[in-house]
Amino acid sequence: MTSFDELAEARRTWLQQILRPWCGQATRRELLKAEAEWVDIAGKVDPEKTLWLWAWSRFPELVHENLGIEETSRVEIQTKDGKLYGGFPDARKSLRGQLTIWGCELTTETQTEIGPFAIDDVVSVRRTGSVH
């Protein structure tokens, strides 16, 4: 590498091909470690708009690429213990790798705040509808 442009391109490539995929598979524990050093790792970017967005992107139906956790679509969440929950994600309360939804366990009909669910405990997310 001999020019600044080459250096900048190498950095962009590293962010997209190494760091972003790592976020998509890392455990919450590892993501929290990375968050503490995020300025040194990723630069002057908001961890909520990069680290945590990239981490939750392992569930594509949960996120909007530019906005983060998508609140306008109803989702069904399955957790490691086999339980199913349905509701609308609450992006303001879903922080640092923990997801909160407004909805119900699918075996009941009682609407309430549910969670938070750690990213490691979520097995799948399926979009089931949207606000009209």
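Met1, Phe4 and Leu7 form a nonpolar surface patch with about 400 Å² of accessible area together. Patches consist of residues with over 30% relative accessible area and no salt bridge, like charges being joined within 9 Å and nonpolar side chains (Val, Leu, Ile, Met, Phe, Trp, Tyr) within 5 Å. A salt bridge is a side-chain nitrogen of Lys or Arg within 4 Å of a carboxyl oxygen of Asp or Glu. Accessible areas were computed by the Shrake-Rupley method with a 1.4 Å probe, and for residues only the protein chains shown count as cover.

The model is predicted: local features need pLDDT of at least 70, side-chain atom pairs count only at pLDDT 80 or more, and totals for chains, interfaces and linings use all residues. Residues are numbered from 1 along each chain as its sequence is written, and side-chain values use heavy atoms, with hydrogens and water left out. The protein averages a pLDDT (the predictor's confidence in each residue, from 0 to 100) of 92, and 95% of the residues score at least 70. Confidence is lowest in strand β5 (residues 98–105), at a mean of 89, and highest in helix α2 (residues 28–36), at 97. Helices (H or I, at least four residues) and strands (E, at least two) are DSSP runs, numbered from the N terminus.

Phe4 lies in helix α1 (residues 4–23) and is exposed, with a relative accessible area of 62%. Ala10, also found in helix α1, is partly exposed at 30%. Cys23 in helix α1 is buried, with a relative accessible area of 0%. Buried means under 20% relative accessible area, exposed over 50%, and partly exposed in between (1.4 Å probe, protein chains only). The C-alpha atoms of Cys23 and Trp56, 33 residues apart along the chain, are separated by 8.4 Å. For Ala10 and Asn66, 56 residues apart along the chain, the C-alpha separation is 23 Å.

The largest nonpolar core has 28 residues, of which Leu31, Trp38, Trp56 and Leu62 touch the most other members. Two or more residues come from each of α1, α2, α3 (38–42), α4 (51–56), β3, β5, β6 (112–118) and β7 (122–130). Helix α4 gives the most to this core, with six residues. A nonpolar core is a set of buried Ala, Val, Leu, Ile, Met, Phe, Trp, Tyr and Cys residues joined through side-chain atoms within 4.5 Å.

Strands β3 (residues 73–79) and β4 (residues 84–89) run antiparallel and are joined by four bridges; pairing requires at least two DSSP bridges between two strands. Glu76 has Gly86 in β4 as its bridge partner. The hairpin of β3 and β4 has four residues between the strands, and Gly82 takes a positive phi near 90° in this hairpin.
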